[in-house]
Amino acid sequence: MLVEINKLEIINEGYKRNISISKVFVNPSHIISIRDYDGINKFLISENASKYVNKKYSLIKVNNVNGTEEIIALGTSEQIQLSLTNTKKLLNGWQILNYW
């Protein structure tokens, strides 16, 4: 079963960074840890990404084939953990996290 997470994407384009939110699907059994990530706000302010500054973010560590991947996700660690346990079931076992 997979869950949908809203990921903060930071793409380095050399002289500037493109910041956006995208949806990714993660296997909950591969999640190692979830913690609040307040440090991202300083970075977002320095990048003039005011659209994303007044939101809460978490750092999710996920085990994958190549080792550990860190995902900056929209929402507090409590909101994400709660969403992992209280999700809406969709077709084919997919679930969506609703923590806006």
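Which residue in E5 does Ser58 stand opposite? Ser58 stands opposite Ala73 in E5.

## Basis of the model

This is a predicted model, in which local features need pLDDT of at least 70 and side-chain atom pairs count only at pLDDT 80 or more, while totals for chains, interfaces and linings use all residues. Residues are numbered from 1 along each chain as its sequence is written, and side-chain values use heavy atoms, with hydrogens and water left out.

## Overall architecture

The protein has 3 helices and 7 strands; helices (H or I, at least four residues) and strands (E, at least two) are DSSP runs, numbered from the N terminus. Along the sequence their order is β-β-β-α-α-β-β-α-β-β.

Of the 100 residues, 33% are buried; buried means under 20% relative accessible area, exposed over 50%, and partly exposed in between (1.4 Å probe, protein chains only). The accessible surface of the protein is about 6600 Å², and carbon and sulfur atoms account for 49% of this area. Such areas come from the Shrake-Rupley method with a 1.4 Å probe, and for residues only the protein chains shown count as cover. Among contacts (heavy atoms within 4.5 Å) with a separation of 6 or more, 47% are between residues 24 or more positions apart.

## Confidence

The mean pLDDT of the protein is 85, and 85% of the residues score at least 70; pLDDT is the predictor's confidence in each residue, from 0 to 100. Among the elements, E3 has the highest mean value (95) and strand E7 (residues 95-96) the lowest (50). Over residues 90-94 pLDDT stays under 50, and the model has 7 contacts beyond four places in sequence for this stretch.

Met1 lies in the segment before strand E1 (3-12). With 56% relative accessibility, Met1 is exposed. Its C-alpha atom is 6.2 Å from that of Asn27, 26 residues apart along the chain.

E1 and strand E2 (residues 17-26) run antiparallel and are joined by 10 bridges; two strands pair if DSSP finds at least two bridges between them. Within this pairing, Lys7 stands opposite Ser22 in E2, and Glu9 stands opposite Ser20 in E2. The hairpin of E1 and E2 has 4 residues between the strands, and Gly14 in this hairpin takes a positive phi near 85°.

## Asn48 between H1 and H2

Asn48 belongs to the loop between helix H1 (40-46) and helix H2 (50-53). Its relative accessible area is 69%, so Asn48 counts as exposed. Phi of Asn48 is positive, near 55°, in a residue other than glycine. Most residues other than glycine have a negative phi.

## Ser58 and the E4-E5 hairpin

Strands E4 and E5 run antiparallel, joined by 8 bridges, and form a hairpin with 2 residues between them. Ser58 is found in E4. The relative accessible area of Ser58 is 0%, which means that this residue is buried.

Two polar contacts are made by the side chain of Ser58. It reaches the backbone oxygen of Thr76 at 3.4 Å, and one of its polar atoms lies 2.8 Å from the backbone nitrogen of Ser77. A polar contact is a pair of N or O atoms within 3.5 Å; within protein, one must be able to donate a hydrogen and the other to accept it, and residues adjacent in sequence count only if both atoms are side-chain atoms. Leaving out residues up to four places away in sequence, Ser58 touches residues including Ile34, Tyr37, Ile72, Ala73, Gly75 and Ile80.

Which residues of H3 are buried? In helix H3 (residues 77-85), these are Ser77, Ile80, Ser83 and Leu84. They lie on the same side of H3 because they cover an arc of only 130° around the axis, the arc being that of the directions from the helix axis to the C-beta atoms. On the other side of H3, the residues Glu78, Leu82 and Thr85 are exposed.

The cover over the buried residues of H3 includes E1, strand E3 (31-36), strand E4 (57-64) and strand E5 (67-74). Ser77 and Ile80, both buried in H3, are also among the residues that Ser58 touches.
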